[in-house]
Amino acid sequence: MTDASVSRPPPLLDSRLEILKKRLFSNWFDGIVTLVAGSALVWIVVSIVDWAFLNAVWSEAEASRCREVSGACWSVIEARGRLVLFGLYPSEQHWRSTLACLVIVLTMILSCLPAMWGLKRLPALWIAGFGTFVILMYGGIFGLSVVTTEQWGGLSLTVFIFAGVFVLGMPMAVGLALARRSKLPVIHWLAAVFIDTVRSLPLLTILFAAAVVVPFVVPHWAQGDKLGRVIVAFAVFYAAYQAEIIRAGIQSIPSGQEEASQALGMSYRAVVFDIILPQAFRNTLPSTINQVVITFKETSIVTIIGFFDVTASASAAVGRGEWGAYYVEIYVFVALIYFVFVFGLSRYGAYLERRTRLHHG
Amino acid sequence: MIKSTIKTVAAAAMMAGLALPASAADPGPTITQIQERGSLLCTSHNGSYLGFAEVDDDGKWSGFDIEMCKALATAILGNPEALQLIPVSWAQRFPALQSGDIDVIIKVTGWTMSRDTELGLQYSRPYFIGPTNILVRSDLGATTPEDLEGGVFCINAGTSIERIVADYMGARGITYEALNFEKAEELRAALYAGRCDALAGFGPFLAATRFNAPDPEGFTILDAVLALEPEGIAAREGDDGFIDVINWMMSALLMAEENGITQANVDDIRANPPSASVERLLGASPGVGERLGLSDDWAYNMIKAVGNYGEIYDRTVGEGSVYKLPRGKNHLWSNGGLLYPLVLD
């Protein structure tokens with residue numbers, strides 16, 4: 001306290017330089033590694049900047065220059081980007097697809113807010129959100145022309161499939177996890193067989209069966225829409241994996257908690273929803289987010305049964321004579337779309353982890 | 001004497017028996033279904049297949065297969081817009097047809113024995129003759145496969161192309177080196193970068209590859225045809241009325257080309273038909289519709305909507321398109337091709 005000048009730390013910048021020097025050039029071998037890796041990094045960054053910005057063509061009007069330059073041809077995004085975002089949806093109705101996509105994203109954001117978490121609020125929100133989406137996309141009322149599901153596509157289809165799978169799959173997963181822990185042997189056994197069967201089938205097979213095989217074995221009136229069948233099948237697949245994650249979470253809770261709450265006279269419902277599940281979800285948050293992110297990316301598999309999600313639309317976007325050479329640009333565009341959503345999901349997961357730690361930690 | 005009388009009676013009975021279904025003009029279950037629904041359910045692609053089914057900037061389908069769907073929709077329902085194009089993947093097309101998701105497959109589908117006999121399909125006459133060709137670098141100056149002796153071929157790994165090239169070159173004793181790639185993009189990049197002298201593949205794919213090259217003039221498609229795959233229109237087995245309509249649709253498109261009837265002049269020719277068969281084809285005199293269970297002006301409507309076969313070809317994959325795929329075997333017989341109309345009587 002009395003002699004502050006002695007204990008004053010050296011200027012910050014110097015200490016950082018010191019640390020850098022110590023970490024990167026502490027001996028001759030480290031120095032060489034640093035120089036080689038550093039120049040490789042610089043070369044990569046320079047090449048990317050060169051390709052993506054300096055030598056790129058930006059507007060559709062200049063598309064004829066694309067063959068001459070060595071960089072990216074972003075004209076293809078201006079010309080074909082709408083196709084990636086909307087798929088086969090009729091172009092004069094694109095506003096409906098945009099609005100529907102916003103509605104479903106908003107629904108998902110709202111259901112992420114802790115204030116909405118309730119056994120009544122959440123289903124109400126989902127019914128409202130999905131109902132609005134279907135009305136906007138399908139039409140047929142309020143003077144909107146009918147657009148059948150074969151024409152749905154692009155981002156709104158991808159987001160709809162993902163949201164549908166999650167919203168149907170999560171309650172199913174909770175049910176399966178609880179059933180698998182049931183003390184009744186039949187229920188326990190059925191849940192176990194169901195989960196293990198679904199997990200041992202490839203997703204592709206399940207979706208193909210739902211889209212293509214069901215019409216052969218189910219009477220016409222009971223078939224429903226192909227898109228609906230595919231979402232349900234996808235949800236079942238998701239639920240089988242998610243159920244095991246939740247079960248792991250449930251098993252991580254000391255059994256004394258459940259016994260204590262029963263001893264206090266709490267109902268099964270209260271034990272499950274107030275004691276067990278909140279902790280199970282908190283404990284398995286990282287793996288749940290993992291599964292959700294994987295599911296979002298896996299939605300692109302629906303292209304094999306003829307749906308025009310973002311990835312299929314992208315391949316349609318480059319599948320035209322004049323744009324066939326610029327697939328890298330289109331795929332970069334698609335990658336950015338996926339990045340925005342997946343990064344958002346990861347950040348939300350991180351927020352949830354922080355939040356639950358604050359409350360319980 | 002008695003024997004020959006019996007023969008005559010039997011023959012007459014057979015004739016009468018054969019003539020019976022023709023005069024009844026039952027169009028068959030598929031066409032009845034299409035007419036009740038008011039639209040044809042035809043195939044498109046899960047993505048795009050260059051030249052045959054591609055999507056324009058507004059999300060509308062175009063291409064050779066799509067034009068054939070429009071022609072069929074116009075023939076049956078009189079309106080090219082009375083068409084629902086259902087995107088299906090390659091693997092999905094056959095089950096989708098059997099389950100009734102689609103009425104017909106027009107999707108560059110080769111006419112093979114197993115598909116014809118085991119999958120419950122019935123094929124129309126081929127509507128496109130798919131050649132396997134060779135695309136070469138122009139600076140090599142090659143005009144025949146023999147000129148490529150010792151050259152490097154880029155080939156799509158694990159496809160029938162691999163075998164076709166081996167058979168063709170083996171039979172002629174031409175040695176070559178094969179460079180295999182899994183994806184179309186890799187094949188193209190290798191050719192453009194000069195890693196191979198030639199690229200063997202399906203003709204339309206080669207045309208697109210040449211168009212997308214940094215210097216399209218630097219590449220040439222050789223005339224030599226290594227193999228042919230006849231592409232047919234496939235429908236569910238056992239619906240003869242529908243296959244009749246498809247075959248006569250195809251025939252009418254070719255007959256129109258043979259007689260110089262185009263989208264632009266079809267009205268003039270209908271007003272002043274040069275021959276009795278053209279007059280009948282365009283429905284100026286009756287007969288062409290009733291026997292198929294359609295209206296008499298179905299061929300006129302179709303040509304008015306999409307043009308003749310040559311016009312469709314030029315617009316989608318030929319000279320009028322970016323691909324500039326030569327007509328080759330898809331010319332009329334009179335121009336050295338393999339296509340011909342049937343006889344309209």
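Colleague: Why is helix 12 of chain B largely enclosed by the rest of the structure?
Modeller: Helix 12 (residues 298-306) of chain B is largely enclosed because 7 of its 9 residues are buried, where buried means that 20 or more other C-beta atoms, placed from the backbone, lie within 10 Å of the residue's own. Helices here are DSSP runs (H or I, at least four residues), numbered from the N terminus. This is a predicted model, in which local features need pLDDT of at least 70, side-chain atom pairs count only at pLDDT 80 or more, and totals for chains, interfaces and linings use all residues. Residues are numbered from 1 along each chain as its sequence is written, while chains are lettered from A and ligands numbered from 1 in the order in which they are written.
Colleague: Which residues of helix 12 of chain B are buried?
Modeller: They are B:Trp298, B:Ala299, B:Tyr300, B:Asn301, B:Met302, B:Ile303 and B:Val306.
Colleague: And what covers them?
Modeller: The cover includes helix 3 (64-77), helix 9 (240-258), helix 10 (266-271), helix 11 (276-281) and helix 13 (309-316) of chain B.
Colleague: What follows helix 12 of chain B?
Modeller: B:Gly307 does, and its phi is positive, near 85°.
Colleague: Switching topic, how is chain A divided into domains?
Modeller: The assignment, automatic or from a database, gives domain 1 (94-147) and domain 2 (154-315 + 347-361) of chain A, with 20 Å between their C-alpha centres.
Colleague: Which helix of chain A gives the most to the side of domain 1 that touches domain 2?
Modeller: Helix 5 of chain A does, with 8 residues.

Methods
Buried ≥ 20, exposed ≤ 12 C-beta atoms within 10 Å, placed from the backbone. Helix = DSSP H or I, 4+ residues; strand = E, 2+ residues; numbered from the N terminus. Contact = placed C-beta atoms within 7 Å.
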